[in-house]
Number of protein chains: 4
Amino acid sequence: MIFFRSDYSQGAHPKVMEALVKTNLEHTDGYGMDPHCENAAQMIRSLIGIRDCGVHMMVGGTPCNVTLIAAALRPYESVVAARSGHAYSHETGAVEGTGHRIITMEAMNGKLTPDLVDRAWEEYEDEHTPLPRLVYVSQPTEIGSIYSKEEMTALYEKSAERNMFLYVDGARIGSALTSEENDLSLQELARLCDAFYIGGTKNGALFGEALVILNKAIDDHFRFMIKRQCGLLAKGRLIGVQFEALLDGGMDSIYFKMAAHANRMAKKLKDGLAALGVGFFGTSQTNQVFPILPRDVIKELEKDFSFYEWGAEKEGKTVIRLVTGWGTKEPEITAFLDKLKIILQGT
Amino acid sequence: MIFFRSDYSQGAHPKVMEALVKTNLEHTDGYGMDPHCENAAQMIRSLIGIRDCGVHMMVGGTPCNVTLIAAALRPYESVVAARSGHAYSHETGAVEGTGHRIITMEAMNGKLTPDLVDRAWEEYEDEHTPLPRLVYVSQPTEIGSIYSKEEMTALYEKSAERNMFLYVDGARIGSALTSEENDLSLQELARLCDAFYIGGTKNGALFGEALVILNKAIDDHFRFMIKRQCGLLAKGRLIGVQFEALLDGGMDSIYFKMAAHANRMAKKLKDGLAALGVGFFGTSQTNQVFPILPRDVIKELEKDFSFYEWGAEKEGKTVIRLVTGWGTKEPEITAFLDKLKIILQGT
Amino acid sequence: MIFFRSDYSQGAHPKVMEALVKTNLEHTDGYGMDPHCENAAQMIRSLIGIRDCGVHMMVGGTPCNVTLIAAALRPYESVVAARSGHAYSHETGAVEGTGHRIITMEAMNGKLTPDLVDRAWEEYEDEHTPLPRLVYVSQPTEIGSIYSKEEMTALYEKSAERNMFLYVDGARIGSALTSEENDLSLQELARLCDAFYIGGTKNGALFGEALVILNKAIDDHFRFMIKRQCGLLAKGRLIGVQFEALLDGGMDSIYFKMAAHANRMAKKLKDGLAALGVGFFGTSQTNQVFPILPRDVIKELEKDFSFYEWGAEKEGKTVIRLVTGWGTKEPEITAFLDKLKIILQGT
Amino acid sequence: MIFFRSDYSQGAHPKVMEALVKTNLEHTDGYGMDPHCENAAQMIRSLIGIRDCGVHMMVGGTPCNVTLIAAALRPYESVVAARSGHAYSHETGAVEGTGHRIITMEAMNGKLTPDLVDRAWEEYEDEHTPLPRLVYVSQPTEIGSIYSKEEMTALYEKSAERNMFLYVDGARIGSALTSEENDLSLQELARLCDAFYIGGTKNGALFGEALVILNKAIDDHFRFMIKRQCGLLAKGRLIGVQFEALLDGGMDSIYFKMAAHANRMAKKLKDGLAALGVGFFGTSQTNQVFPILPRDVIKELEKDFSFYEWGAEKEGKTVIRLVTGWGTKEPEITAFLDKLKIILQGT
């Protein structure tokens, strides 16, 4: 069975494992109050060129999203997001679990726009409606597209105009930053939002994300929020150690190399699919590809390959999601395309 | 100033006030554990022809919606509703405040359909998505339309098929039941849902709604839920006394007479507006009318009449909401139409 | 049956009913945005001699406590209260329902002290413990005792020292202010806390409390909080109209006369009980009396009088709570004492 | 610096690291739906001799406590716990964050008793008070004592009598099971509660706890609860792999050997301290020791050793907490005792 199911089906990059083994018997304080977490935080501050910000080592992406949002909002305030966004579409209502509405907008290609933010505000009247206060986007989006520098700038300006925070879910931020089509650097992104995170889980860590909070108001007492939301890891240093290994070398680190590799593999897959005449859902620019295939073709493919179906069947066809990762090998791509070719020829 | 702003701009029907004055010096137990609440509950059980159900005297409509939903759902479960529905559009995220998502559907004429319920389920996958568990509708809808017997039956069957509760917000249920176009009786409605409420606030009470819970699972420990949600009124009997007065005489009671009167006034208003060539938003069948008027006409009308603007201006025109009530007098309708006529002639 | 069960077993003072009847057919805006609420708020501002504060007409005491606390605290912050305090002992965990801990302290005679506040802080360590942020007291306490000016001043200073808000639940504030033993005026109280409320329900209103928020930070967007917590009454003016009637005449108004009457009746009851050799729980200084009586004596009394048992039986005796109100009549007191005398003589 | 600060200051037992490295490049499904998690669950089912139960691989102890409690309770229900219990004393109000009160009892030696459960019920009246529904204990307790078989049986019977769930926090369960003074086996414990967890974090795992839910009602849709509470780890297999390594060999596995070693080290430390005439807080029977020492002695010790102070200073003395772990070495104990001896002689 070859996995295109997710970018978290394997463990960590060998260098990450090495670092964990090497530091394993050290004694340190718990809960992220250790030299590794502090060092990883400083590496990230250097990377983005901003010294004065909070950096918190978090266990996963949903804890990042939910804790950040719960910290940023007062009880009557709400989030504006694309309906396809992860915080709405794949977190079991965890944001609402903290008492906040997500105002969902149907977003072309998964991307929120200033116009959609304005339209979300049309629902606002007065004390009878929640107050929109935070814009949630992910870079790349849930369906693999990326915000250009111009688009992100426009969103940030709109957020500021509306007195809203802009928060960027960076579960696959490496993939966005290394996309051939990307024109928005990490340093720029960090200046165009109030908070974002650098995802480890989906790019070569065992687990862990580095949440960067630029806005002081949100960062206030944030460690209390993490604990209260059950997200403070006892051996917090594990995340720090991993980010030290991932980001060693800065923009030349394995973090960005792995992401670039996954993108290349996805590109190869996408080009191969297109060459076979397959159509796509959305226009992924990163490490996810969403071909639309007939049911019986999917059935055949599932014998050798593991992947998700994405949404309901329509007129006999279904979108599937193929994800590449740092560990994806070129022959796996070839095997998939070859098999598909044979199936399509047979039908 | 003539009020078409709401059906709760005045106090209570004089008979309601009489009942409150008459019983004022009685001593009773508090929190709804008194003979008046019990009697009103029995009157309602008789009216719907169902003995075995919970009837709770609630302070207002939002407390009904929120407490009922919070009682019915486990933490990971969610509500399906029309995006225009009151629980989503005018309750400041109070439902989400109890930790539950409202999955919103764009609904034609404010009405949810079995097909829309199915489409809401398309968002559901597994433990990564909240489980849809309760269908929220109001009868009439937020924009004055009503569900026919056939439509409500179809929704109830779909809810049952999906293992969902069907809950009917009856803030203006009197208006629905006495609409000329209505074919769904109160007895029938009570058999086509798991819970509903008979609204007092918007039909001649000072305040208060009678929440009827047909489904035992939801009714379990419901008084604990009311108190925990801050909704248990110390002098709970006040609501019981009012419903005794409102429903005295059953289907011939002032409750239904007031609602029928309001509907008649709305009909007169609607016909008059149509005669002046005015277009409408939606097709209200009850005591709310939603004409679409040019901005400057609205400005003129606002000098003598009080009403809400409903949604944002589009192409120079805005929807306004005109609401009639038990206290609306025919000359007030005439005055409005006359004034509008003059304005329109002047433009 | 004679009621000593609560001070809310009857309806409203006749002057309150008159005011409601008199204003019944007026049309006004809803949700407390009407001239009566505004006028009542101004009357209260005059009474306390502070112009610049929020005054919100609330439906009941639990909504006051819960909404105020939810507005004042961030998610990881907590309340310090006497374990006997109403917000802990009789609100079904509604405060915790908004996500906040109440740190309970065993309080002598129901009263929190600066020392108890300090002891609550002993539980605090760092991000692993909630941050104490609001001191909750009621004046009078749940068991009828009152804070002296010195005691309240000390609590307020301790709160300020600890960077905590001080909130005073005033469900029976009239009773405290008119107690013979009271030395803390309303004007003084308003300067010794961040928020308090003037209770209507337990002193001659049908329902309603006037919540006064002195601290701007808590008052910010407070109407959103009220609605989100389901507490915004459609015909909000009802509360305004009642407070206009209750407070007409300021310190000479029926509000204070009713409270003083109830205190006198309680005093008479207490003295009579003491004369019969009955012991008491706590030292109530207001309109509640807590005699300790043998089980069989209580059984006999319950045939003619309605009251609560207060806590569990211990060594054959139980505390009962006798509450007097504005409507309590002297012969009712006499009847109770006479009956008790006969029972005691018979045993 | 020698660490007696916690049993989670180091990484994992080398065999755990080996297993993680060995399985690192496998591809598996995410979120705990993989062969390792399933195998670890089966190993645990064998160990307790109960086939029919839910076993969930959780990231940490607070997520176990909070998710279990939130799944078990309806909104108006509450927890009874010792005030010193971890869920109250060290989780930043996370339980209350899900809307539930913890009714705290002052417990001798950290242990809840049937009598204390009964006393917690004295606070219960009716719908005005939350309904106690779950008893929370930890084995061993927060201060290192353990429940005997007789004590746990009595608590379980009391819980059943009161229609309450009994939940056992097993963060250090290995330490309890291998205590010389323990007479309660794992198999017995699993039959004396509704849910418990086997803690990994504090006994040789990098992180992770195995939550065992015996009661079907609580286990229903539990994976939805985990995700909604932000606790579902993408590479969930990491926890499964660790428990496979920890429990390989059953009662002879490294899990129990590590715990027994830590207990022996603690015993040695305790005996040494006692020999020096030092007194203790509580009577720890496991891997935590709570000596009471003068402030200046503590100051001296802190130069070479890392540990927590436990509670506030009283009369010049403070309780400190010394924790041993699987990695504690005998010379570290000797070093501590030698240093203390020197300090004490010098004073």
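Because the model is predicted, local features need pLDDT of at least 70 and side-chain atom pairs count only at pLDDT 80 or more, while totals for chains, interfaces and linings use all residues. Residues are numbered from 1 along each chain as its sequence is written, and chains are lettered from A and ligands numbered from 1 in the order in which they are written.

Let us begin with helix H12 of chain B, residues 237–247. Helices (H or I, at least four residues) and strands (E, at least two) are DSSP runs, numbered from the N terminus. How many of the 11 residues of this helix are buried? The count is 11 of the 11, so H12(B) is largely enclosed by the rest of the structure. Here a residue is buried if 20 or more other C-beta atoms lie within 10 Å of its own, exposed if 12 or fewer, and partly exposed in between, with C-beta atoms placed from the backbone. The buried residues include B:Arg237 and B:Glu244 as well as B:Leu238, B:Ile239 and B:Phe243. Their cover includes helices H1 (14–22), H2 (35–48) and H13 (254–275), together with strands S2 (54–58) and S8 (209–213), of chain B. Just past the helix, B:Gly249 has a positive phi of about 105°.

Now move to chain A to see how H2 lies against H12. The axes of H2(A), residues 35–48, and H12(A), residues 237–247, come within 7 Å and cross at roughly 40°. Axes are lines fitted to C-alpha atoms, for helices over the stretch in contact, and angles run from 0 to 180 degrees between N-to-C directions. The two helices are therefore oblique to each other; angles under 35 degrees count as roughly parallel, over 145 as roughly antiparallel, 65 to 115 as roughly perpendicular and the rest as oblique. The crossing is left-handed, a name used if the near helix is turned anticlockwise from the far one by less than a right angle, with right-handed used if clockwise. Among the residues that meet are A:Ala40, A:Met43 and A:Leu47 from H2(A), and A:Gly240, A:Phe243 and A:Leu247 from H12(A). Two residues are in contact if their C-beta atoms, placed from the backbone, lie within 7 Å. By class, this contact has 9 nonpolar, 3 polar and 2 charged residues. Ala, Val, Leu, Ile, Met, Phe, Trp, Tyr, Cys and Pro count as nonpolar, Asp, Glu, Lys and Arg as charged, and the others, Gly among them, as polar.

Chain D lets us look at H12 with another partner. H1(D), residues 14–22, packs against H12(D), residues 237–247, at an angle of about 135°, with the axes 9 Å apart. That makes H1(D) oblique to H12(D), and the crossing is right-handed. D:Val16, D:Ala19 and D:Leu20 are among the H1(D) residues in this contact, and D:Val241 and D:Ala245 are among those of H12(D). The contact has 7 nonpolar, 1 polar and 2 charged residues.

Next, how do the chains meet? Chains A and D each give 42 residues to their contact. On the chain A side, the elements that give two or more residues are helices H1 (14–22), H3 (61–72), H5 (94–97) and H11 (222–228). That side has 18 nonpolar, 18 polar and 6 charged residues. A rotation of 180° with 0.0 Å of shift along its axis superposes chain A on chain D, with an RMSD of 0.0 Å. Copies are superposed by least squares on the C-alpha atoms of residues with pLDDT of at least 70 in both.

Chains A and B meet too, through 19 residues of each. The chain B side has 4 nonpolar, 10 polar and 5 charged residues. Of the interface residues of chain B, 100% are also interface residues in chain A, so the copies meet through the same surface.

Finally, compare two single residues. C:Val66 sits in helix H3 (residues 61–72) of chain C and is buried, with 26 other C-beta atoms within 10 Å. Its contacts include C:Ala94 and C:Thr98, and also B:Cys230 from chain B. B:Asp220, in the loop between helices H10 (216–219) and H11 (222–228) of chain B, is partly exposed, with 13 other C-beta atoms within 10 Å.

Terms used. Lists of a residue's contacts leave out its neighbours within four places in sequence.
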